[in-house]
Amino acid sequence: MLRWPFAETTLTAGDLTAQRWDPARDAGPLWEALAFPEVWGSAPRGMPDGPDDLAARLAQREGGPERITWTVSLDGEVIGTSSHFRRGECVELGATYLSPRVWGTGFHLRLVRLMIHEARANDCSGVVMRADDTDERANKAIQKLGFVFVHKSAEQSLRADGTRRIARVYRLDNDEVI
C-alpha cells in the first residue's frame, strides 16, 4: 500500500538534490533558473509572470491530485522543479521544468531515476508519466527510461497558444529495471 505523503523531505543522488518546495525559500531562485520562454513552450498557460505566479502554479490545486513538489538543485544551485502526484496506488511524475543550462546533459534522466526510486521506496504500484504530444524531446526521454506508452489523453488545460493539450501517457511497472 502506498505510503503518502512521503516522509522524506530531501532526496539526494550525488550532486543532485531535491528538497520539498518552500515558496518563501525557493520562488526567487527557481524563477531565476526558469525565466526563459523555451522552458515553458508546452506548459499549460505558458510562461509564468514572475516568482509569485510560479509559486501559485506549484501550489496544490483545489480538486487536483495530491502533490509533493520538489525544488531541484545541482551542486547547491537551484536549477528546476519536479513533482510526485498521487494517482490511487500509483505515483505520477510530472510538472518538471529544468533550466536550459542542464538540457542535453543527462540530468533529467538522473532526476527521473531519483524520483522513481522514491516512489518505489514508498510502495507505489507503478509509476506514470505524461508528456505533451508535441514535445518529442520529453517523449523520447520517457521512453528511454523504459516507460511504455499507454494512451493519449485530451487534457482540460490549454497550451500557451490556446490549443487543447494532448498528452501521451506512459507507465513503468515496478518489475522494470531502470
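A residue is called buried when its relative accessible area is under 20%, exposed when that area is over 50%, and partly exposed in between (1.4 Å probe, protein chains only). The model is a predicted one, in which local features need pLDDT of at least 70 and side-chain atom pairs count only at pLDDT 80 or more, while totals for chains, interfaces and linings use all residues. Residues are numbered from 1 along each chain as its sequence is written, and side-chain values use heavy atoms, with hydrogens and water left out.

Ala95, which lies in strand 5 (residues 90-98), has a positive phi of about 50° although it is not a glycine; because its relative accessibility is 24%, Ala95 counts as partly exposed. Helices (H or I, at least four residues) and strands (E, at least two) are DSSP runs, numbered from the N terminus. Asp123, in the loop between helix 3 (107-121) and strand 6 (126-132), is likewise not a glycine and has a positive phi of about 65°, and with 37% relative accessibility it counts as partly exposed. In the segment before strand 1 (10-13), where Pro5 is placed, the peptide bond from Trp4 to Pro5 is cis, with omega near -10°.

Turning to the whole chain, 4 helices and 8 strands are found, and along the sequence they follow the pattern β-β-α-α-β-β-β-α-β-α-β-β. The C-alpha trace spans about 40 × 35 × 35 Å along its principal axes, and buried residues make up 46% of the 178 residues.
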